[in-house]
Amino acid sequence: MKIGEAQQKYRAQVRSYREQRSALSKQLEDVRSKIKHLPGDGESREKFESVAATLQLTLDAIDEKQSEYEKYLEQLSEKYCAYWNATVAEQQKDATKEYAADVAKAMEVARRLMKGAIVPAYDEKKLMEFSMDMYQVAKNVGAMARLEKREKYESLWKDDEEKKDYDDPREVAKNADAGLGAPEIVDVADTMASVGVTE
């Protein structure tokens, strides 16, 4: 099961358990209120005390199962974050590599311009975009060196046409495998029935 699917299922279970717990808590409160107003030790008092005990056991069972689901949701959230962070880190690593390559290319274009060489107009434009100051210094130094023999170079950015497509971190995290250890999904009515209470 994918993390995103598991999160949806278990969140729905927690909501269902919370709603049922709220309804049972109200019932228990009503029963305890009736017990307070009953005189002495009568048969109806014992009946209400029995109902109150059963409701309390049911609430305890619901709380236990809900707690199990909430702990599992925390684990899923941690896995989701781990996959998200790994995807973002990979993208940042690639962006850093690309930036380092651009810096190296800009430095090389500046070096070539300073030697007075002829470089493609596209490379000059990329150097201007990277650093106008570096471009101006390279052009000024290159103007002085033009009196000497000039070399002609191919574009350094020729291979940059292909851009890498990145995965959406949210989708990667959502579609990652939730792994083993998921608690069995038990309907709240079944949990209540295990204690002997039906809606």
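Some ground rules to start. The model is predicted, so local features need pLDDT of at least 70, side-chain atom pairs count only at pLDDT 80 or more, and totals for chains, interfaces and linings use all residues. Residues are numbered from 1 along each chain as its sequence is written, and side-chain values use heavy atoms, with hydrogens and water left out.

Now the overall form. The protein chain has six helices and zero strands. Helices here are DSSP runs of H or I with at least four residues, strands are runs of E with at least two, and both are numbered from the N terminus. The radius of gyration is 35 Å, well over the 16 Å that the globule rule gives for 199 residues, so the chain is more spread out than a compact globule. That radius is taken over C-alpha atoms, and the rule is 2.2 Å times the number of residues to the power 0.38. Along its principal axes, the C-alpha trace spans about 115 × 30 × 20 Å.

Next, burial. Of the 199 residues, 30% are buried. Buried means under 20% relative accessible area, exposed means over 50%, and partly exposed is in between (1.4 Å probe, protein chains only).

On to salt bridges. How many does the structure hold? It holds eight. Each one is a side-chain nitrogen of Lys or Arg within 4 Å of a carboxyl oxygen of Asp or Glu.

Take Arg18 and Glu70. Their closest N and O atoms are 3.0 Å apart. Arg18 sits in helix H1 (residues 3-37) and Glu70 in helix H2, 52 residues apart, so this pair links distant parts of the chain. Arg18 is partly exposed at 47%. Glu70 is partly exposed too, at 27%.

Now Arg21 and Asp63. Here the closest N and O atoms are 2.4 Å apart. Arg21 lies in helix H1 and Asp63 in helix H2, so the pair ties together parts 42 residues apart in sequence.

Last, Lys65. Is Lys65 buried or exposed? At 15% relative accessibility, Lys65 counts as buried. Lys65 is found in helix H2 (residues 43-114). Not counting residues up to four places away in sequence, Lys65 touches Tyr17, Glu184, Val186 and Thr191. A contact means heavy atoms within 4.5 Å. The side chain of Lys65 also meets that of Glu68 in a salt bridge, 3.2 Å from N to O. These two are three residues apart in helix H2, about one helical turn. Glu68 is partly exposed, at 33%.
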